Amino acid sequence: MDARTVCAAVLLTAGVAVLLLAVLALQVLPGPYARLHALSPATSLGAPLVVLALAVAEGSGRRAAALLVVAVLVAVGGALTAPALGRCTAQHEGRIPRKDPP
C-alpha cells in the first residue's frame, strides 16, 4: 500500500465520519434551526473530504482537478445554503416578514 492510498483512506474515513456524525445530529437535535447546524459540517467538511479522497486516489490529471472543483463547489454551496434555509424557515414561521430584505 503506497502513501497515496493511505492518504486517500484517511481522508475518506474522516469524511465519512463527519457525515455519519451529521446524520446522527440530525436525528438528535430538536427543531429546524438546531438541525441546520448539523448540516453545516456535512456540507463544508464531510462531503469535500470524501471528494478530496477520491481526487487523491485518482492522482494528478484532469479528473482529479474536476473532483477538486466539485469539492470547492460543495463547500461553498453548503455555506451559502444553510443561511438561506434558516431565513426561509424564519419567514415560514412568521418570525420575519416575507418582504423583509436580507
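This is a short talk on one predicted model of a single protein chain.

Let me start with confidence, since this is a prediction. The mean pLDDT of the chain is 88. Of its residues, 97% reach 70 or more. Where does confidence sit highest, and where lowest? It is highest in helix α1, residues 3–28, at a mean of 94. It is lowest in helix α3, residues 62–92, at 87.

Now the fold. How many helices and strands are there? Three helices, zero strands. Along the sequence the pattern reads α-α-α. The spans of the C-alpha trace along its principal axes are about 55 × 30 × 10 Å.

Next, the surface and the interior. The accessible surface comes to about 6800 Å². Carbon and sulfur atoms account for 72% of that. Of the 102 residues, 23% are buried.

What about contacts along the chain? Take those between residues at least 6 apart in sequence. Of these, 59% join residues at least 24 apart.

On to charge. The chain has 8 positive and 4 negative charges.

Let me finish with two residues. Both come from helix α3: A71 and R87.

Take A71. Is A71 buried or exposed? Its relative accessibility is 9%, and the cut-off for buried is under 20%, so A71 counts as buried. Which residues does A71 touch, leaving out those up to four places away in sequence? P48 and V51. A71 and A47 are 24 residues apart along the chain, and their C-alpha atoms are separated by 7.2 Å.

Now R87. The relative accessible area of R87 is 25%, so this residue is partly exposed. Pair R87 with Y33. The two are 54 residues apart in sequence. In space, C-alpha to C-alpha, R87 and Y33 are 9.9 Å apart.

In helix α3, look for A71, which is buried. Then look for R87, also placed in helix α3, which is partly exposed.

Technical notes. Residues are numbered from 1 along each chain as its sequence is written. This is a predicted model: local features need pLDDT of at least 70, side-chain atom pairs count only at pLDDT 80 or more; totals for chains, interfaces and linings use all residues. Side-chain values use heavy atoms; hydrogens and water are left out. Helices (H or I, at least four residues) and strands (E, at least two) are DSSP runs, numbered from the N terminus. Buried means under 20% relative accessible area, exposed over 50%, partly exposed in between (1.4 Å probe, protein chains only). Contact means heavy atoms within 4.5 Å. Accessible areas come from the Shrake-Rupley method with a 1.4 Å probe; for residues, only the protein chains shown count as cover. Lys and Arg count as positive and Asp and Glu as negative; His and the chain ends are not counted. The place of a charge is taken as NZ of Lys, CZ of Arg, CG of Asp or CD of Glu. pLDDT is the predictor's confidence in each residue, from 0 to 100.
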